[in-house]
Amino acid sequence: MADGMKKYILMHKNISVADIELDEATCAISAIGHVYSESHVPVGIPVKKGVINRAALNEWWKGRAIPASRAGIRNALEELNISTTQKLLEKCMGLSLSDQYWICPAGSGIEWSQVNFFEHSFSDDVGNILFGKGSSGDYISLMSPDNTSDGWLKKKWKIIDGKRCLIKGGSGATQQEPYNEVLASSIMKRLDIKHVKYSLLIEDDYPYSVCEDFITTQTDLISAWHLMQTMKKQNHVSIYQHYLDCCKAYGIPEIKESLDRMMVLDYLIVNEDRHQNNFGVVRNAETLEYIGAAPIFDSGTSLWFDKPTMMIGTRSKVGCKPFKNDHEEQIKLVSSFDWLDLNALYGIDEELRELVRGSLFIDENRCDALCKALRSRVDMLTDIVNTHRTGYVIDNCQGDVTEDVAYSGLEDDRDQ
Ligand SMILES: Nc1ncnc2c1ncn2[C@@H]1O[C@H](COP(=O)(O)OP(=O)(O)OP(=O)(O)O)[C@@H](O)[C@H]1O
Ligand SMILES: [Mg+2]
């Protein structure tokens with residue numbers, strides 16, 4: 001072994017995947033040795049003739065660390081006396097609460113059952129430091145699932161009533177993301193969309209969202225991004241179609257249906273950041289069998305969260321991801337609205353009003369603007385659905401249908 005290297009086995013729960021070496025200075029994977037199980041290599045990492053692509057595995061490994069863009073990370077690292085987030089990653093053996101991968105120090109005999117965060121408690125030290133609260137004592141435990149949490153918002157895992165929960169803050173002057181998460185949960189509950197339930201926590205006047213871990217000791221979350229690395233995307237194929245094709249190749253059920261639901265939600269809340277790591281699929285970590293789309297999570301970057309009140313609801317362009325950069329275009333990808341009952345959203349604006357009541361960050365003006373804009377999104381979607389349905393009915397009846405029959409808007413139903 002070269003100097004400054006440390007030997008590990010990349011593990012998937014109890015399965016040895018490959019021998020690896022980590023560079024002590026950078027914590028990058030400097031060498032990959034024997035491959036024990038090709039099928040357990042993380043999804044999207046190419047393996048050719050039994051050889052794992054080291055650059056790709058390194059990207060995957062680095063991607064497990066807290067991103068350098070995380071709010072407050074510089075101060076946190078200083079307090080922890082650790083130079084990079086990759087070093088922090090090594091300190092918790094890469095263990096996470098979103099999948100079952102980890103690295104086992106060679107010759108240590110450590111087993112997954114002795115160290116995983118699903119079954120073992122963990123210290124609040126790293127979480128508290130990430131939240132700018134300092135640690136409880138002189139000794140700081142670095143064994144924390146916070147070392148492997150992704151995303152740029154301030155967040156920490158906490159065990160609440162025996163359940164692993166992710167507590168996530170907001171950003172900027174409005175701190176709107178936690179409220180948006182709760183509202184999105186409520187919209188999805190009303191529309192019967194499979195989702196992660198977020199609730200609101202206020203601490204020292206600041207809002208936070210709290211959600212339970214939807215991954216268990218039996219499952220892995222695999223992001224759309226990693227799934228889409230499993231096949232080469234041809235230039236003429238859209239990202240939407242490529243995702244469907246990759247999921248089809250693995251026989252993952254009901255992906256089109258789940259994307260329909262995700263795009264409807266994101267249209268309603270004008271989500272600007274549904275990037276390819278903000279949705280994905282869940283598989284069984286042992287059998288590797290795909291279960292289906294992950295419940296929808298991380299919907300906070302919506303409802304003009306970082307825009308001044310005057311811009312809320314205006315036609316000024318807001319970003320859209322992951323398939324189109326315009327919400328009006330992306331909603332056209334929805335294959336069916338048959339499942340959608342927009343009447344179930346009646347009164348959702350008042351629910352939003354209740355949710356933000358008392359917030360020090362969202363004043364009455366902003367609240368009024370948000371409620372109005374949300375109502376208007378429901379109306380806009382109602383129009384789109386009706387146009388879609390009208391087209392559908394006319395197609396089937398060779399044009400022999402009046403607009404009245406096909407048109408049953410939300411407004412009409414509300415009046416009844
Ligand atoms: N309830 C959960 N159960 C398991 N894993 C989760 C859960 N919520 C989030 N994660 C994982 O943690 C990552 C970060 O969480 P999340 O996307 O909510 O944070 P974020 O800071 O809002 O992200 P972004 O940078 O995309 O805005 C997710 O990409 C996912 O891998
Ligand atoms: Mg995210």
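Which residue takes a positive phi in the hairpin of S9 and S10? The residue is aspartate 204, with a phi near 50°, and the hairpin has two residues between its strands. The model is predicted.

**Strand pairing**
- Strand S9 (residues 198–203) runs antiparallel to S10, and six bridges join the pair.
- Within this pairing, isoleucine 202 is placed opposite proline 207 of S10.
- S10 (residues 206–212) also pairs with strand S8 (residues 163–168), again in the antiparallel sense, over four bridges.
- Leucine 166 has cysteine 211 of S10 as its bridge partner.

**Nonpolar cores**
- The largest nonpolar core holds 88 residues, and those touching the most other members are Leu10, Ile187, Leu227, Leu265, Val281 and Ile296.
- Helix H9 (residues 255–269) supplies the largest share of this core, with eight residues.
- Because domain 1 (5–168) and domain 2 (219–415) both give residues to this core, it lies between them.
- A separate core of six residues includes Leu77, Val126, Ile129 and Phe131.
- Beyond its neighbours within four places in sequence, leucine 227 contacts Val43, Gly44, Ile222, Cys246, Cys247, Gly280 and Val281.

**Ligand 1**
- There are 23 residues around ligand 1, of which Ser98, Asp150, Gly151, Leu153 and Asp298 come nearest.
- By class, the shell around ligand 1 has 10 nonpolar, seven polar and six charged residues.
- Domain 1 (5–168) and domain 2 (219–415) each contribute at least three residues to the shell around ligand 1.

Key:
Residues numbered from 1 in each chain as written. Chains lettered and ligands numbered in written order. Predicted model: local features only at pLDDT ≥ 70, side-chain atom pairs only at ≥ 80, totals over all residues. Core = buried A, V, L, I, M, F, W, Y, C linked by C-beta atoms within 7 Å. Buried ≥ 20, exposed ≤ 12 C-beta atoms within 10 Å, placed from the backbone. Domains from an automatic or database assignment. Contact = placed C-beta atoms within 7 Å. Near = placed C-beta within 6 Å. Nonpolar A, V, L, I, M, F, W, Y, C, P; charged D, E, K, R; others polar. Pairing = 2+ DSSP bridges.
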